[in-house]
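This briefing is intended to be read alongside the sequence and coordinates.

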Amino acid sequence: MSDRLNVLKTYKLYVGGKFPRSESGRVYEVTDAKGKWLANAPLSSRKDARDAVVAARKAFGGWSGATAYNRGQILYRVAEMLEGRRDQYVREVAEAEGLSKSKAAEQVDAAIDRWVWYAGWTDKIAQVVGGGNPVAGPFFNLSSPEPTGVVAVLAPQESSFLGLVSVVAPVIATGNTAVVVASEKSPLPALSLGEVLATSDLPGGVVNILSGRTAEIAAPLAAHQDVNAIDLAGADEVLAKELEIAAADNLKRVLRPQPVDNWTATPGTDRMTAFLETKTVWHPTGSLGASGSAY
Amino acid sequence: MAPVFDYAPAPESRSIVDIASSYGLFIDGEFTEAADGKVFKTVSPSTEEVLAEVAEATEEDVDRAVKAARKAFEKWSALPGSERAKYLFRIARIIQERSRELAVLETLDNGKPIKETRDADLPLVAAHFFYYAGWADKLDHAGYGANPKPLGVAGQVIPWNFPLLMLAWKIAPALATGNTVVLKPAETTPLSALFFADICRQAGLPKGVVNILTGDGRAGAALIAHPDVNKVAFTGSTAVGKEIARTVAGTRKKVTLELGGKGANIVFDDAPIDQAVEGIVNGIFFNQGQVCCAGSRLLVQESVQDELLDSLKRRLSTLRLGDPLDKNTDIGAINSAEQLARITKLADLGEAEGAERWSPACELPENGYWFAPTLFTNVTQAHTVARDEIFGPVLSVLTFRTPDEAVAKANNTPYGLSAGIWTEKGSRILAVANKLRAGVIWSNTFNKFDPTSPFGGYKESGFGREGGRHGLEAYLDV
């Protein structure tokens, strides 16, 4: 054991593929489960939230237009990068959630496996939830899922990493872009996730990560006219109701908070389908007559 | 252009339908008066003739209906799906048997042409029940996991533009999945829902499974806010939809909203002009344009604008406006004085803002609520007639030069319900359809509906889908 003084990391936001501090210049003290100082995390402002929405919107066209195979490869790359930093996340999660090394390792392993799980979904969900419709007429008729757009995601407050991954991965797997509000008390694993995303070929702006007071950041996101949906996982009952009311103003798709006892359980498709639209396209089929000509 | 041949009147007989002078609320299998005895009149929009008096539901009546639905839920949801299916098949068959009667009734109460109620509304109503009947005992295979559960009592509020069809879209999937319903038809078109109550009686549907409350917006609001309602389904204006979304915030109620639209109908220079013209006419003049998915914005490629508009104007001159019961009528009456006032105001605003207004020579009947088919040209994206949903026979014409510009203009709206694409080029159809932010895209056709085909909007046109396998989700606890 040397007595070398270690180099501390300045935790920063992840917005538009860059690592800015809060424009407000504010930070707040983040401690471990026992109250020991860990870091000063950015205390994001409303302006940071709006900047993140701009970045997410800018990234939406490219990300939603990428092939599902390409999105799958990038999400798998995220898992690869996480695996390489496994020890770091185990330490961060142990500190954040007051877990033993082995319990924290279970959380991190499950989170990495979850990226792999969702990486495989990108090019399968359309076949599962879309398909041809046998209409009673001479028409080709096809329903396909499409991402709803920019999704504000309030990450779970307790499960700082596995919970976070479990709500972010399904949103972007289908082509949405996200503005993520990290766990208020334990934002460090989320802020570190930004560093992994930045080195996984994920285009800048697809995931934007903010730390700070959930209520303060969520309010402008819920009211924002260029946000299409909001996942309220990290909101308590009172805040969730307020945000749902604000979200009605442009009819955001709202995923209400649901009790989750165990984030390690295999998720269903619900967190993907909550942020999908169904587009149905019709075209006449005509009929091939003797002349061979259609419509 | 003078018609070469004149048409003799060809009215459908109204004797096939027997409208009583008054109707009560249908609660727990019985027709009853409103708690405070209040009634209101429903008129025929084409003549202003009073058709009947119907009860005006109060909050107390809403509570009574929800209680009846709750009571019925226990047994109804416990029935084997195959039994629920048979009730729905019965309903579908009875609707087919009484189809002509219901078509005439709907035309009388709504004002839309008999051609439409007979050939579009009623066949689709029966088909919808027939389709969802078949799902009732196959829910395990619908992709929502094994043995998906119903939600409970569904509160459903529907509009006046397709009264019976919207009822079918709401009630058929709700019952198939094992829910019970309280449905409020629109204030101006209550009759077909009350006749449907009689169909439930003929089908032997258990009491309380379907309850019909006539009344105005207050009854609808009370129904949606009722604490014992588990599911809210609404079709109507975006403003009311937003109010509903606020009302249900913080509850466990599941919500689907099918709201307004400002659909773009995009015509490229290689489109078959005659077919496109028919599609444009269908897109905006079907049901007097009182259609949420109407193609109310025509986006035409600049190079074919003149040719297309000439053809379109020529075609509009042949449309026949008048007695909705006449089998040759293309354009019927506007549903209410209130709606007519709204259309008139928005059209006048279009003129005031500098758009060019055109209508064919068209004689409007003296009584009733009428509005001539209307075109606006020289419309920019900033004009009110290009932005606001008019919900009437008014088409705003804009132009574009490139496919990218067409897509940008089409998507430049808070709505996202429908769009149309007219071109002979397959790859262009697919490319444009991909980029349009709308729930239903009709290419080289328009305003086609089918019970198997999911319908619903993006953005402020609402959320959730009706129709098809997708439509089941709205009524299942999944």
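In which sense do strand E4 (residues 39-43) of chain B and strand E5 (residues 50-55) of chain B pair, and over how many bridges? The two strands pair in the antiparallel sense, over five bridges. The model described here is predicted, with an ipTM of 0.97 and a pTM of 0.96.

**Confidence**
- For chain B the mean pLDDT is 97, and 99% of the residues in chain B reach 70 or more.
- Where pLDDT is low, predicted coordinates should not be read in detail.

**The hairpin of chain B**
- E4(B) and E5(B) form a hairpin, with six residues between the two strands.
- Glu48(B), in the turn, has a positive phi of about 70°.
- Val43(B) has Val50(B) in E5(B) as its bridge partner.

- An open sheet is formed by ten strands with mixed pairing, in the order E3(A)-E4(A)-E10(A)-E17(B)-E16(B)-E11(B)-E12(B)-E15(B)-E14(B)-E13(B).
- Its edge strands are E3 (131-132) of chain A and E13 (356-358) of chain B, each of which pairs on one side only.
- Arg357(B) stands opposite Phe376(B) in E14(B).
- Strand E10 (residues 276-284) of chain A pairs with E17(B) in the parallel sense, over three bridges.
- Within E17(B), Val440(B) is the residue opposite Thr280(A).

**The contact between the chains**
- Chain A contributes 24 residues to the contact and chain B contributes 28 residues.
- On the side of chain B that touches chain A, at least two residues each come from helix H8 (238-248), helix H14 (426-435), strand E17 (440-443) and strand E18 (462-463) of chain B.
- That side of chain B comprises eleven nonpolar, eleven polar and six charged residues.

**Helix H8 of chain A**
- In helix H8 (residues 214-223) of chain A, the buried residues are Thr214(A), Ile217(A), Ala218(A), Leu221(A) and Ala222(A).
- Viewed down the axis of H8(A), these buried residues fall within an arc of 130°, so they line one face of the helix.
- In an α-helix there are 3.6 residues a turn, so residues three or four places apart point the same way.
- The elements covering the buried residues of H8(A) include helix H1 (46-65), strand E5 (150-154), strand E6 (177-181), strand E7 (207-210), strand E8 (229-231) and helix H9 (237-247) of chain A.

Technical notes. Residues are numbered from 1 along each chain as its sequence is written. Chains are lettered from A and ligands numbered from 1 in the order in which they are written. This is a predicted model: local features need pLDDT of at least 70, side-chain atom pairs count only at pLDDT 80 or more; totals for chains, interfaces and linings use all residues. Two strands pair if DSSP finds at least two bridges between them. Helices (H or I, at least four residues) and strands (E, at least two) are DSSP runs, numbered from the N terminus. Two residues are in contact if their C-beta atoms, placed from the backbone, lie within 7 Å. Ala, Val, Leu, Ile, Met, Phe, Trp, Tyr, Cys and Pro count as nonpolar, Asp, Glu, Lys and Arg as charged, and the others, Gly among them, as polar. pLDDT is the predictor's confidence in each residue, from 0 to 100. A residue is buried if 20 or more other C-beta atoms lie within 10 Å of its own, exposed if 12 or fewer, and partly exposed in between; C-beta atoms are placed from the backbone. The arc is that of the directions from the helix axis to the C-beta atoms.
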